Amino acid sequence: MNNYFIFKRFGLLFMKHTVEHYRTYLMSAAVLAGVFLLGGSFIFYMIPGPVDAGFQMAIFGVLILIAGPLFTSTIFTDLGDKRRAIPVLTLPASQFEKFMVGWVYSYIIFMLVYTGIFYLVLSILLNLKHWPGHHPEMLSLLQDKSLLVIIIFSLLHAITLYGAISFEKLHFIKIGFSFFIFYALLILADTLFLRLIIGRKIYPATPFAFLNFPEGTNFYSIGLNEQQSAWVFIVMPVVVILFWIAAYFKLKEKQA
């Protein structure tokens, strides 16, 4: 297709995808709600005191970083089956429109559904159990930690989306294996590079994290200051966008 994006055509493609997959997505949302409800009930039952906003933020962040890539890895499963891939690839729509349908569902819609279910279950649990003299505290996403979670989620989404298009079968397993191998090599390279620069023994280091090293019987830890840490919020979105672009061109390569 010569036209990259026509809103009407994109809308029709989006509706087609929704009609074909809405049962699967509704079941996935129901499973997610069930996990939240059962897991949350267990946590609220086991913890004697009130569940504060910090703990709620930790649960929100951990689960979205697991559920998000798991869902994203399934968004282009049709490409792994030749019988289903041919109709998908030959649809009268541009590659960019097909990519955007998968991106909107796995990123925008997933975050909205995940957040809505999380808050619904959280409000139910907070109203079911009361602590005398304590007002229930509800998590607010308008904080710096939320931005960090969204950035990490976006990075994992971009990487998983690229892998979902690249691999034909066992998407989540292959993506996870490739990610951890790459991450281990990144830590190794970063550690050797820093050891070469400072000329001393250091503990394994990850990019943008603390530099830890021993000095006799003492232990030292060096981190980035606030101004330097701000670069993380600049570099990471650029990396995310580059992975999204790479995923689009990978889809375009499959259609060629």
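How many nonpolar, polar and charged residues does the lining of the largest pocket have? In this predicted model, local features need pLDDT of at least 70 and side-chain atom pairs count only at pLDDT 80 or more, whereas totals for chains, interfaces and linings use all residues. Residues are numbered from 1 along each chain as its sequence is written, and side-chain values use heavy atoms, with hydrogens and water left out.

The lining of the largest pocket has 22 nonpolar, three polar and two charged residues. Here Ala, Val, Leu, Ile, Met, Phe, Trp, Tyr, Cys and Pro count as nonpolar, Asp, Glu, Lys and Arg as charged, and the others, including Gly, as polar. A pocket is an open set of points on a 1 Å grid over the protein atoms alone, where a 1.4 Å probe fits, with protein on both sides within 12 Å along at least five of seven lines; lining residues have an atom within 4 Å of a point. The volume of the largest pocket is about 960 Å³, taken as the space filled by probe spheres set on the points, which are joined across faces, edges and corners. Of its 27 lining residues, Leu155, Pro207, Phe208, Val232 and Met236 lie nearest the centre. Two or more residues each come from α5 (144-166), α6 (171-198) and α8 (232-255), with helices being DSSP runs of H or I of at least four residues, numbered from the N terminus. The most, nine residues, come from α5.

The second largest pocket holds about 660 Å³ of space. Tyr25, Ser28, Ala29, Phe71 and Phe110 lie nearest its centre, among 27 lining residues. The elements giving two or more residues to this lining are α1 (7-46), α2 (53-72) and α4 (95-128), and α1 supplies the largest share, 12 residues. By class, the lining of the second largest pocket divides into 19 nonpolar, six polar and two charged residues.
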